[in-house]
Amino acid sequence: MKTFENTVNGRLVGSARTFASKNPATGETLGLVPHSTSEQVAEAVAAARAAQPGWAARPDAERKALLMKVAEAIKANNEYLAEWVTREQGKPLGGVGPDQVPGARFEIWGCEVWTQVPASLELPVEVAFEDDTRRDEVHRKPFGVVAAIAPWNWPLLIAIWQIIPSLRAGNTVVLKPSEYTSIGTLEMVRIIAEVLPPGVLNTVSGGGDVGAALVENTDIDKIMFTGSTATGARIAATAARNLVPTTMELGGNDAAIVLPDADPKAIAMGLFWGAFLNMGQTCAAAKRLYVPDNLHDAVVAELKVLAEAMPMGNGMEPGVAIGPIQNRMQFDKVVSLVEDAKAHGATIVCGGKETGGAGNFYPITLVTGIADGSRLVDEEQFGPVLPIIRYSDVDSAIASANRLDVGLGASVWSSDIEKARTVASRIQAGTVWINQHGTIHPMVPFGGVKSSGWGVEFGIDGLKSVTQPQVISVKK
Ligand code: NAD
């Protein structure tokens, strides 16, 4: 059994204690992962601290060029990394392109693109004010050492979202991947750290205790966290004590609202993948579908056809569109929410029963005859289940979308873009998509409102969020 290693100060390091990473499709152990000690966490932060001034002092063009080399290294290893994502996270290998399921190859392609884009952006000095007496310039400075903590659903891509803008801006990074999906991430960092100076990008691994040791380290200057709202609140409390700024990308429970003029056939595929991309284990997936009385049966019928046509299985096998749920904790949560809906009289249109076997397989499940207030609607189920809620007037659907304390994404589906736009503007969410859902882009800021977090990633705004402004004010 291979034991994988962390990257610290340009060297590969193991730990005396290890834990297993498991394949969610088969239950087999894939390899062993170091459980970083608190001394190792401190060493990783110290390495990042020592490397930071030299990294920040390099000309920007040099950092850009090195990050372009990082993108090349990811590309050169794309199949190796994609296979790790499938084996460890569960999403099908799939591919890029209109007819292929966005799976692990898509995730690695995303890593490449989300590296190239921040590496290409410019952060010019802004002149905030100038007259005959003074000139005030806003320069962008790195924070210093960034602690990045990632979840298990898009393990490599989300790590890249945290790492690359931070590095581009002159910060150094210590990353902790999720304990459920560490190997692929440690391997990616091993590969890309080869083209970076030692200490610029480091990893530690382990569970919440290791994450806590990292964010509690008083030599951290900025925290990038993506994960659940509950963990985010804990990290925010630590950050508040140390007065460390944070970017918080937390949980969601996205509403999708179909308007009465939508064409069920035309929107079905977009709705389906908007809800079930990565088996619904996507932060900004449609998790509650609001459908008007006149379209209810037609929309349900279209989605059912798609749900029943999608082959589920081990994502390493060609043709598989739906993989397993990544871990047992999440699997049990999905089962409990569907059982609760059943016990309260909801109708299971398809799925709704675990398939058994060693893997965490749960079929695509559509649930009707359900209302706001049901646990399946109100709690983030983060799995391959979609509750479909009937509505009679659009105002009530908007009120339903806004009644929860989260606000990551949402979508409106209509044949009339202007009508959809009006509804979109009334929804409390960081992004409201029209006739699509979850279609993020590296140039477009992404982040949540309410308990879904604060700060944004991607684009110029995302790059600015890993910098702090310094004003140079000159008397003329
Ligand atoms: P999680 O909060 O359980 O874990 C996330 C990470 O935090 C893991 O690496 C974990 O080890 C670490 N952690 C746990 N306790 C910690 C502590 N006390 N201090 C420091 N680190 C700690 O989340 P998860 O189950 O891995 O991910 C699923 C959640 O992430 C869902 O709620 C999903 O909506 C959310 N998510 C949000 C976004 C977004 O962009 N808003 C993206 C992906 C996932």
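**Asking why: helices, a sheet and aromatic rings**

Guide: Welcome! In this predicted model, helices H2 and H4 are roughly antiparallel to each other.

Visitor: What makes H2 and H4 roughly antiparallel?

Guide: Helix H2 (residues 60–76) and helix H4 (residues 104–120) pack at an angle of about 170°. Angles over 145 degrees count as roughly antiparallel, so this pair qualifies. Their axes are 9 Å apart. Residues making the contact include Leu67 and Ile74 of H2 and Ile108 and Thr115 of H4. By class, the contact has eight nonpolar, three polar and three charged residues.

Visitor: Why is the pair of phenylalanine 106 and tryptophan 109 called tilted?

Guide: The ring centres of phenylalanine 106 and tryptophan 109 are 5.7 Å apart, and rings pair within 6.5 Å. Their planes stand at 40°; under 30 degrees would be stacked and over 60 edge-to-face, so the pair is tilted.

Visitor: How do you know that tryptophan 109 is partly exposed?

Guide: Its relative accessibility is 39%. Buried means under 20% and exposed over 50%, so tryptophan 109 falls in between and counts as partly exposed.

Visitor: What makes the pair of phenylalanine 446 and phenylalanine 458 stacked?

Guide: There the planes are 15° apart, with 5.8 Å centre to centre. Planes under 30 degrees apart count as stacked.

Visitor: Why do strands S5 and S22 stand at the edges?

Guide: The open sheet of three strands has the order S5-S6-S22. Strands S5 and S22 each have a single partner strand, so one side of each is left without a neighbour in the sheet.

How values were computed: Residues are numbered from 1 along each chain as its sequence is written. This is a predicted model: local features need pLDDT of at least 70, side-chain atom pairs count only at pLDDT 80 or more; totals for chains, interfaces and linings use all residues. Side-chain values use heavy atoms; hydrogens and water are left out. Axes are lines fitted to C-alpha atoms, for helices over the stretch in contact, and angles run from 0 to 180 degrees between N-to-C directions. Helices (H or I, at least four residues) and strands (E, at least two) are DSSP runs, numbered from the N terminus. Angles under 35 degrees count as roughly parallel, over 145 as roughly antiparallel, 65 to 115 as roughly perpendicular and the rest as oblique. Contact means heavy atoms within 4.5 Å. Ala, Val, Leu, Ile, Met, Phe, Trp, Tyr, Cys and Pro count as nonpolar, Asp, Glu, Lys and Arg as charged, and the others, Gly among them, as polar. Two strands pair if DSSP finds at least two bridges between them. Rings of Phe, Tyr and Trp (its six-membered ring) pair if their centres lie within 6.5 Å; planes under 30 degrees apart count as stacked, over 60 as edge-to-face and the rest as tilted. Buried means under 20% relative accessible area, exposed over 50%, partly exposed in between (1.4 Å probe, protein chains only).
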